[in-house]
Amino acid sequence: MAILAFLRENIRWLSAGVLLTFLSSFGQTYFISLFAGEIREVFQISHGQWGGIYAVGTTASAIAMVWAGGLTDRFRARSIGAIILGLLAGACLFMALNPVWWLLPLVIFCLRFTGQGMTSHVALVAMSRWFIASRGKALSVATLGFAVGQAVLPLIFVALMAVYDWRLLWGSAAVLVVCGVPILRTLLRTERTPHSMAQSNQSLGMLAQHWTRNQTFRHPLFWFMVPALLGPSAFGTAFFFHQVHFADVKQLPHVELVSMFPFFILVGTVAMVLSGWALDKIGTSRLIPWYQLPLVVAFVIFAFADTYSDMLLGFFFLALTTGANSTLPNAFWAEFFGTRHLGSIKAMAAAVMVLGSAIGPGITGLGIDLGVGIETQFLWVAGYFVCATFMMVIGVARYRSALG
């Protein structure tokens, strides 16, 4: 009953978060990678070249995020969200109309910056700032948009590609994003936390203070967290980026691999909701050091999987961390470093994650071109997550006491 009351009282603002996270899908790797085969064929580029182009555009978007992400500390979500959605629609049209390969890095930059970067950033910063005691529940609900997008859009667009030209589908994506602008402005007609009340509705971080972006950057805990920030973004992105190639290696039709995504999303959604509930009850500091261990299991399974059931098991463990990754890191920054400068701090963390999403496809694509099989690479990825977990355990244990 308490959850239903929470949803009823906050449905307008939570729905705005869901809308933004859903529309960010058009700049997410899992959506862009659906068109990897068509893009490489039309522009006559290899796996490595496509990975390199993706890395360049995504890296540039990470750099831009460091500056642009701080705008959420200065402007209301209603205003900046609408502007970003307009730019995302333009990026989708850019992909639809782009005639030459050398503009692809700029296309990828526009999609990644406006979609994966700023659209999701606006939503998550708003949830973390608007809700304090119920931050976990708010993040769980708002990030359902990620889950819905990843569950339905690949199936719909892969099916449509059998009938319609891929460029036309990018044009339809632009139309969908534009339709979201008036909906967002209506939902946020009244801001949940008025700007004049912002000072009194902020929560403190370590040592009972609000940390600035520069202070956070110099704090050792930030650097203990960097491998964990990079990992899921880098190698989760790489997994979906090379989904067509991975299906070929496993001798699966691409549509059969995509058919497993709804199961992955279902498990991820449950993990996301449970992690949101758990962080409100138990606390982020006790949960976050361990949440990437399922990725170790997932990538080992993907390396050796040779049956449909094996693949589903791999998706199960991948989904556990993917779901928790939607709530725990976002709550971590607010809990440890406060909310006054949360937009700037989270923008810095988001830049690291976006950088990871550039590195992952680039490295793995180069590895494929050099003859290092994707399955062999996945074993190295599993080892990486063991190291990232070790770093989180040390860092969080060292500074947990500073929370008071």
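1. Cys179 is partly exposed, because its relative accessible area is 43%; buried means under 20%, exposed over 50%, and partly exposed in between (1.4 Å probe, protein chains only). A disulfide is a pair of cysteine sulfur atoms within 2.5 Å, and by this rule the count is zero. Cys179 accordingly takes part in no disulfide, the nearest cysteine sulfur being that of Cys92, 12 Å away.

2. On the basis of the note: this is a predicted model, in which local features need pLDDT of at least 70 and side-chain atom pairs count only at pLDDT 80 or more, while totals for chains, interfaces and linings use all residues. Residues are numbered from 1 along each chain as its sequence is written, and side-chain values use heavy atoms, with hydrogens and water left out.

3. Ile45 lies in the loop between helix H3 (36-43) and helix H4 (47-68); helices are DSSP runs (H or I, at least four residues) numbered from the N terminus. Ile45 counts as buried because its relative accessibility is 10%. Leaving aside neighbours within four places in sequence, Ile45 is in contact with Ile39, Arg40, Trp50, Ile53 and Leu104, where contact means heavy atoms within 4.5 Å. The C-alpha atoms of Ile45 and Thr321, 276 residues apart along the chain, are separated by 33 Å.

4. As to confidence, pLDDT is the predictor's confidence in each residue, from 0 to 100. The protein chain has a mean pLDDT of 86, with 95% of its residues at 70 or more. Confidence is highest in helix H16 (residues 293-304), at a mean of 95, and lowest in helix H7 (residues 135-142), at 80. Over residues 194-201 pLDDT stays under 50, and the model has six contacts beyond four places in sequence for these residues.

Terms used
Helix = DSSP H or I, 4+ residues; strand = E, 2+ residues; numbered from the N terminus.
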